[in-house]
Amino acid sequence: DVVLADACAGGGALDVALAGGRSFLPGVRGSLTFHSPPGTHIDSWTVWRSLAVAPPGGSSSDYVAAISERGSAIVQQGCSSAQSAPFGCLTVGSETDPLDPANRVDRAGTPVLSALELWVGCRSAVCDEPVGAAPARLRLHGSRLEVHDLSAPERPQLSGTLLAPGPISGSATLVVESADEGGGIAETTVSLDGEPWRTSAPAGTRGTCREPYTVLQPCPSAAARAFTLDTTTLPDGPHTVGGAIVDAAGNAVLWGPVAFEVRQPARDDGDDDGRRGGGGPPPGDGGRGGGQAPIPPPPPPVVPSPPTGNGAPAVERPRLRLLDRSLSRRPGRGVRITGTLHSAGGVPIVGARLTVLAHQLGTGDQRGRALATVTTDSTGRFSFVVRGHGAERYTVAFAPAEGAAATAAAAATVRAPATLSITRSQARLRRGQTVVLRGRLRGFGAAARGAVVELQAIVSGDWRTVGTVRADAQGRYAWRYRFVSVTRDTLFTFRALVRRTPGWPWPELRTRRIAVRVDAVDQLR
């Protein structure tokens with residue numbers, strides 16, 4: 001029933017057609033379909049095609065050649081033998097001139113599409129054999145599709161000798177493993193003590209994980225990257241590693257910081273056999289050989305005095321607790337974080353100095369910023385006030401001595417209330433006119449820049465995403481849509497949505513509904 005011809009390798013077209021010389025039962029259909037990978041959707045598409053169907057003749061046959069979007073109720077363009085709506089043609093475009101302007105159909109800002117289908121078929125109870133013409137044929141001369149991936153990679157699994165308990169020395173390894181649904185994992189980055197250190201080469205062995213991408217899933221869906229660190233290049237003491245997993249679309253999930261301690265073994269620089277002295281007396285000579293004076297014994301090694309403890313009583317691993325791990329802040333107001341420091345037996349530790357590090361959430365902040373140290377009082381209690389915008393994580397850490405690695409830490413998250421708004425440029429339009437939906441994210445601070453806002457509409461009774469935009473540094477966004485396929489007066493219902501994704505500190509946000517009426521009358525009439 002269906003004939004497929006592929007001449008693409010020679011610069012030709014890809015054809016799908018109903019076979020000639022026969023009649024067809026209802027529902028016969030041949031199609032070429034572009035499926036977007038799991039976790040993605042088609043943002044826009046352009047195809048160069050030509051369509052042809054047999055004339056109706058004396059029968060009730062209805063042969064169709066068309067382009068359809070899956071995920072949308074809209075059939076973009078087609079031809080029908082019966083000239084039935086929404087089709088009204090027998091031929092479109094040129095089969096011999098691929099670049100004929102009539103061959104091009106494109107659509108940007110589409111609803112969330114899972115697939116784009118080019119098809120031919122029979123829509124009658126019976127489609128009789130046409131006389132002197134092919135029943136239905138669709139010729140694809142070229143196509144370009146943009147696939148949008150909004151899903152960040154999974155949070156990675158970390159392993160390796162760098163994460164072994166206790167101090168490390170010599171060479172240490174760190175293995176970072178993750179997976180991604182969509183375009184795949186493009187690179188893994190690692191920072192050392194807050195500074196960029198290593199970035200993996202583009203993942204994959206097929207050579208496709210490089211822009212511009214030419215395949216559906218250019219990068220591997222799972223990747224494990226091993227990094228080797230020569231700890232002799234670092235000073236003894238505490239250090240941290242962190243980083244990000246980045247997929248082909250640029251979505252990233254952050255990991256770390258993870259603490260480790262470097263401590264190289266002591267080196268023996270003694271000269272027991274005297275050979276490094278170049279000519280000292282042999283053992284047992286008593287220093288008299290050759291009339292030379294005896295070589296004095298080496299001075300005793302300098303033993304550093306033990307470090308003074310941090311607070312009283314001095315302990316190695318205290319209990320550090322924060323009274324609240326999640327707090328809210330009001331615009332322009334400070335938030336007080338309070339905690340306690342006790343020994344394992346519950347004795348308050350007095351006069352201990354604690355470090356505080358702040359990380360801005362939702363922004364990719366790797367280094368953070370150090371705040372002033374805080375000191376515990378006579379009851380082991382401490383508190384400090386923080387000010388800022390958006391959401392931040394504050395980590396309080398205790399080290400048993402100055403320069404030593406932290407042995408106790410606790411973190412609290414402070415968030416500002418986040419809101420999302422939406423407005424429309426017009427409440428009523430005519431076919432061919434454009435509506436602009438605008439809004440703003442408030443309370444996000446620096447995390448507002450680049451936040452993905454989805455615009456949704458009710459399609460066939462369900463909410464479906466019809467467009468995506470990114471907010472600017474002030475949290476503002478704008479999305480434009482031109483109504484071109486409206487065949488009757490229609491009331492469209494929209495809303496905006498910001499999803500919660502890995503590393504995003506707020507819950508999913510949705511706006512109120514707004515309605516836009518579109519009259520099926522061209523604006524020029």
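How many salt bridges does a search of the whole structure find? The search turns up 16. Bear in mind that this is a predicted model. Some notes from going through it follow.

1. **Two arginines on β10.** R139 forms a salt bridge with D15, and the closest N and O atoms are 2.6 Å apart. This one ties together distant parts of the chain: R139 sits in strand β10 (residues 136–149) and D15 in strand β2 (residues 14–18), 124 residues apart. D15 comes out at 11% relative accessibility, so it counts as buried. Strand β10 also holds R137, which pairs with E95 across 42 residues of sequence; E95 lies in the loop between β7 (91–92) and β8 (104–107). For the salt bridge between R137 and E95, the closest N and O atoms are 2.7 Å apart. R137 is partly exposed, at 23% relative accessible area, and E95, at 26% relative accessibility, is partly exposed too.

2. **E454 and its partners.** Worth a look in the viewer. E454 forms a salt bridge with R499, the closest N and O atoms being 2.6 Å apart. E454 is in strand β30, while R499 is in the loop between β33 and β34 (509–510), 45 residues apart. Is E454 buried or exposed? At 6% relative accessibility, E454 counts as buried, whereas R499 is partly exposed at 38%. The side chain of E454 also makes a polar contact of 2.6 Å with the side chain of T465. T465 belongs to strand β31 and, with 7% relative accessibility, counts as buried. A further polar contact, of 3.3 Å, joins the side chains of T465 and Q456.

3. **The largest nonpolar core.** Which residues have the most contacts inside the largest nonpolar core? They are L441, L455, Y477 and F494, in a core of 34 residues. Strands β29, β30 (452–459), β31 (462–470), β32, β33 (490–498) and β35 (514–522) each supply at least two of its residues. β35 gives the most, with 4 residues. A second, separate core has 28 residues, including V47, L51, V53 and L113. As background, nonpolar side chains tend to be buried together in soluble globular proteins.

4. **Pairing around β29.** Strand β29 (residues 434–442) runs antiparallel to β26 (residues 419–420), joined to it by 2 bridges, with L420 partnered by L441. Another 2 bridges join β29 to β27 (residues 423–424), again antiparallel, and here R424 has L437 as its bridge partner. With β32 (residues 476–482), β29 makes 7 bridges in the antiparallel sense; R438 stands opposite A478 there.

5. **A mixed open sheet.** 5 strands form an open sheet in the order β19-β25-β24-β21-β22, with mixed pairing. β19 (326–328) and β22 (369–375) stand at the edges with a single partner strand each, so one side of each is left without a neighbour in the sheet. On average, neighbouring strands are turned by 25 degrees against each other, direction ignored. β19 pairs with β25 (residues 408–415) in the parallel sense over 3 bridges, and S328 stands opposite R415.

6. **An antiparallel open sheet.** 4 strands form an open sheet in the order β14-β13-β16-β17, paired antiparallel. Its edge strands, β14 (195–199) and β17 (252–262), each pair on one side only. Neighbouring strands here are turned by 25 degrees on average, direction ignored. β13 (residues 185–192) and β14 are antiparallel over 4 bridges, with L192 opposite E195.

7. **E187 on β13.** E187 is in strand β13 and counts as partly exposed, at 29% relative accessibility. Beyond residues up to four places away in sequence, E187 touches T199, S200, A244, I245 and V246. E187 and D247 are 60 residues apart in sequence, and 6.9 Å apart from C-alpha to C-alpha.

Notes
Residues are numbered from 1 along each chain as its sequence is written. This is a predicted model: local features need pLDDT of at least 70, side-chain atom pairs count only at pLDDT 80 or more; totals for chains, interfaces and linings use all residues. Side-chain values use heavy atoms; hydrogens and water are left out. Two strands pair if DSSP finds at least two bridges between them. Axes are lines fitted to C-alpha atoms, for helices over the stretch in contact, and angles run from 0 to 180 degrees between N-to-C directions. A nonpolar core is a set of buried Ala, Val, Leu, Ile, Met, Phe, Trp, Tyr and Cys residues joined through side-chain atoms within 4.5 Å. Buried means under 20% relative accessible area, exposed over 50%, partly exposed in between (1.4 Å probe, protein chains only). Contact means heavy atoms within 4.5 Å. A polar contact is a pair of N or O atoms within 3.5 Å; within protein, one must be able to donate a hydrogen and the other to accept it, and residues adjacent in sequence count only if both atoms are side-chain atoms. A salt bridge is a side-chain nitrogen of Lys or Arg within 4 Å of a carboxyl oxygen of Asp or Glu.
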